[in-house]
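Q: I would like to learn how to read a structure like this one. Please walk me through the features in turn.

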Amino acid sequence: MRQRTWAKWSLRRVGKVGARAVVLGSPTVDATDLEVGESFKIWSGHRKTLISGWGRIRIGDRVFVNCGTIIIAVHEIVIGDDVAFANEVYVVDSNSHGTEGRAHVDAPVRIGDGSWLGNRAMILPGVTIGKRVVVAAGAVVTHDVPDDTLVAGNPARVIRGLDYPPGCRRAWHDEWGCHCPKLVAAEVPLGQVDRSAAESA
Ligand SMILES: CC(C)(COP(=O)(O)OP(=O)(O)OC[C@H]1O[C@@H](n2cnc3c(N)ncnc32)[C@H](O)[C@@H]1OP(=O)(O)O)[C@@H](O)C(=O)NCCC(=O)NCCS
């Protein structure tokens with residue numbers, strides 16, 4: 001009950017929040033056009049987590065945002081379902097300042113379903129990341145990333161394609177709500193895996 005009250009208070013400025021949000025610590029979530037889906041988890045510990053700006057931000061179901069992640073939209077940032085942000089990921093859709101006297105760039109950012117952004121990854125304006133992508137720790141993503149790939153480095157380059165078992169929806173796996181059939185087959189205790197979703201995947 002206390003947990004629910006805290007989540008409600010922390011996310012009070014969010015236009016729409018799905019069921020079962022969990023908030024640990026004190027993130028600043030003050031974006032003015034923000035909607036988040038179900039089972040949203042946001043942690044704010046050693047570093048403040050921030051979701052801000054006046055742009056449109058849409059976050060899907062079962063998204064996890066870890067400590068110190070910063071998401072700032074002045075235009076549009078769309079995050080799919082089952083996306084995980086590790087510590088101190090940075091997502092921004094504006095350069096804020098132009099170079100060589102040119103107008104500055106504001107361009108939408110999209111992050112596909114099931115993708116996992118590693119510690120201190122940086123996603124720059126105009127980038128579309130595909131589905132089930134792994135963005136390695138410290139990658140600076142300047143260009144679009146195809147589905148089912150691992151990207152790393154600065155600037156980020158595709159390291160290799162990723163192979164998932166049929167029905168697997170996430171590049172990141174855990175025992176809490178992952179629909180990965182491998183975890184279901186491994187008989188992770190009931191209640192930790194949504195088996196009906198796995199069976200229908
Ligand atoms: C990407 C990652 C998951 C490793 O995946 P993997 O499939 O085991 O990949 P490998 O370790 O086989 O690495 C493949 C290649 O990518 C390179 N690589 C891996 N991670 C890299 C990184 N962060 N930056 C640059 N290159 C990287 C490796 O050096 C290797 O290159 P090589 O083939 O020339 O030797 C891991 O390196 C990583 O970045 N983890 C994120 C950790 C994190 O954020 N945890 C928080 C969880 S909430």
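Q: Take Ser-39: with its C-beta neighbours inside 10 Å, what does Ser-39 count as?
A: First the scale: a residue is buried if 20 or more other C-beta atoms lie within 10 Å of its own, exposed if 12 or fewer, and partly exposed in between, with C-beta atoms placed from the backbone. Ser-39 has 19 C-beta neighbours inside 10 Å, so Ser-39 counts as partly exposed. Ser-39 lies in the loop between β4 (33–36) and β5 (41–44).

Q: What should I know about the model and the numbering before going on?
A: This is a predicted model: local features need pLDDT of at least 70, side-chain atom pairs count only at pLDDT 80 or more, and totals for chains, interfaces and linings use all residues. Residues are numbered from 1 along each chain as its sequence is written.

Q: What pLDDT does the chain average?
A: pLDDT is the predictor's confidence in each residue, from 0 to 100. The chain averages 90, and 86% of the residues score at least 70. Over residues 189–201 pLDDT stays under 50. For that stretch the model has 18 contacts beyond four places in sequence. Two residues are in contact if their C-beta atoms, placed from the backbone, lie within 7 Å.

Q: How many helices and strands are in the chain?
A: Helices (H or I, at least four residues) and strands (E, at least two) are DSSP runs, numbered from the N terminus. The chain has three helices and 20 strands.

Q: What is the strand order in the open sheet of eight strands?
A: Pairing comes first: two strands pair if DSSP finds at least two bridges between them. The order is β2-β5-β8-β11-β14-β17-β19-β20, with mixed pairing. At the edges are β2 (22–25) and β20 (157–161), each pairing on one side only.

Q: In which sense do β14 and β17 pair, and in which sense do β19 and β20?
A: β14 (residues 116–117) and β17 (residues 134–135) pair in the parallel sense over two bridges. There, Trp-116 has Val-134 as its bridge partner. β19 (residues 149–152) and β20 pair in the antiparallel sense over four bridges. Ala-152 has Arg-157 as its partner in β20.

Q: Which strands stand at the edges of the open sheet of six strands?
A: That sheet runs β3-β6-β9-β12-β15-β18, with parallel pairing. β3 (28–29) and β18 (140–141) are its edges; each has a single partner strand, so one side of each is left without a neighbour in the sheet. Inside the order, β6 (residues 50–52) and β9 (residues 70–72) pair over three bridges. Ile-51 stands opposite Ile-71 there.

Q: Which side chains of β10 point to one face and are buried?
A: In β10 (residues 76–79) the side chains alternate. Four bridges join β10 to β7 (residues 56–59), running parallel. Arg-56 stands opposite Glu-76. β10 also pairs in the parallel sense with β13 (residues 109–111), over three bridges. Ile-77 stands opposite Val-109 in β13.

Q: Which residues in the largest nonpolar core touch the most other members?
A: A nonpolar core is a set of buried Ala, Val, Leu, Ile, Met, Phe, Trp, Tyr and Cys residues joined through C-beta atoms within 7 Å. The largest here has 49 residues, and Ile-123, Val-135 and Val-141 touch the most other members. Leaving aside neighbours within four places in sequence, Ile-123 is in contact with Tyr-90, Val-91, Val-109, Ile-129 and Val-141. Of the 201 residues of the chain, 40% count as buried.

Q: Which backbone angles deserve a look?
A: Most residues other than glycine have a negative phi, and most peptide bonds are trans. Ser-39 has a positive phi near 50 degrees. Arg-20 has a positive phi of about 65 degrees. Arg-20 is in the loop between β1 (16–17) and β2. The peptide bond from Asn-154 to Pro-155 is cis, with omega near -5 degrees. Pro-155 lies in the loop between β19 and β20.
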